[in-house]
Amino acid sequence: MLWLIVGGGAFLAVYRSTLIALWREPVLRHPVLIIESDDWGPAPAVHAQRLRRLIDMLGAKKDRRNRHPVMTLGVILAIPDGPRIQEGDFRGYCRLLLSEPQAAEVLASMNEGVNKGVFALQLHGMEHYWPKALMASVSNPAVRDWLSGKAWHRTEALPSPLQSRWIDGSVQPSCALPEDDIASAAGEEVDKFGEIFGSLPRVVVPPTFVWTRAVEDAWVKSGVKIIVTPGTCYTGRETDGKLIGTGQRLLNGQRSPSGAIYMVRDVYFEPAKGHAAEDALQSLERKMLLGRPALVETHRFNFTDDEFAERSFSELGKLLDSVVQRFPSIMFMSTEELAIGFEDCGADWLEDRLLNRLTVYLRRLREVPKLTKLAWLSGVALPVMLLMLGCKGLFLLKQKQKIQPEFAPWT
């Protein structure tokens, strides 16, 4: 008994905030799948053709609510205007916006997908880099060649540190940006998004998932409500270019210090890198058992690069076909709709039955490795095991009494 008291006290002292956060995280009653695709922006007409192919593919499937699968497009609003930069001998930066005539076909395809209910637009950034950091790197032959190359600059080809927009990646380790510059740039990109698409962005996806509190404050002040994260926050780059994280665990529906809602995207579906439909399906099944949505990350290069496009479209088709067959209760929606449902707590697809919530909660605890280890060392795992057995017993009793809940947590 003394062991349990002392050990339990130590356990609560270390993991109190984690225990509370995991209980507060919303629990889904049905599986949710959202395809999140980043880096779409000014590009040649072939990108518009690939977007229309995605529209047709997504529009051919429906869930039990008659809703189509949704692909969110993380939109980049501008790329470098290489010819103008070269004319100025690389001394100043010029941009080519998504709203300009050269990119009209891509913009039209984006809007078509939104109108058909299969695309949802999210702000990825004015650019996928910090312009001053880019221009400070023109002495790098790779960067200079990139700016001097094709008219449609692929930001995926930039050195990785420069792809992080909200730091100065021209030096390593990276440097923080002036807060006044951050506030101005964040406000500008939100306003420009509204100007191009007719409404301000509600959701933002930080490029390379690097952002700071100053950036977040500026976004929220400009009207952003939701931030897509990988389950943590990165704030810079180390000397070797690796990401520097805060170490904080972020959960779905969690409120940020600035008032935004965090959403977690940590399922990866990049057929160009060998990911298959079955991998995403297995991740969806794990998410379902944890009462969490599967926000699936995929980038435009999978569908726009000729080398990977056919494989990527094939795997996406397999994923969508398998999802509706294997998970009859699957729900399709946008990330914004999901986050708003979490916030309002009134959606009928949120689990509110104590037994099911408790079952999912215990599963979530087992997903935190250090927590599980300390639970066994402290003795807390013993009463938790009894609690899990009790939950299972109650569930089996409901089955025996022919009370069939919509969500069967032990299946």
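Biologist: How many salt bridges does the structure hold?

Modeller: Side chains of opposite charge can pair when their charged atoms come close. A salt bridge here is a side-chain nitrogen of Lys or Arg within 4 Å of a carboxyl oxygen of Asp or Glu. The structure holds 31 of them. This is a predicted model: local features need pLDDT of at least 70, side-chain atom pairs count only at pLDDT 80 or more, and totals for chains, interfaces and linings use all residues. Residues are numbered from 1 along each chain as its sequence is written, and side-chain values use heavy atoms, with hydrogens and water left out.

Biologist: Which parts does the salt bridge of arginine 292 and glutamate 25 tie together?

Modeller: Their side chains meet at 2.9 Å, N to O. Arginine 292 lies in the loop between α9 (277-289) and β12 (294-299), and glutamate 25 in the loop between α1 (2-24) and β1 (32-40), so the pair ties together parts 267 residues apart in sequence. Helices (H or I, at least four residues) and strands (E, at least two) are DSSP runs, numbered from the N terminus.

Biologist: Is arginine 292 buried or exposed?

Modeller: Buried means under 20% relative accessible area, exposed over 50%, partly exposed in between (1.4 Å probe, protein chains only). Arginine 292 is buried, at 8%. Glutamate 25 is buried too, at 3%.

Biologist: What about arginine 91 and aspartate 89?

Modeller: They form a salt bridge at 3.3 Å, N to O. Arginine 91 is exposed, at 69%. Aspartate 89 is partly exposed, at 44%.

Biologist: Which residue pairs with arginine 255?

Modeller: Glutamate 343, with the closest N and O atoms 2.6 Å apart. Arginine 255 sits in the loop between β9 (243-245) and β10 (261-264), and glutamate 343 in helix α12 (residues 335-344), so parts 88 residues apart in sequence are tied together.

Biologist: What is the volume of the largest pocket?

Modeller: Rolling a probe the size of a water molecule over the atoms shows where empty space is left. On a 1 Å grid over the protein atoms alone, a pocket is an open set of points where a 1.4 Å probe fits, with protein on both sides within 12 Å along at least five of seven lines; lining residues have an atom within 4 Å of a point. The largest pocket has a volume of about 530 Å³, the space filled by probe spheres set on the points.
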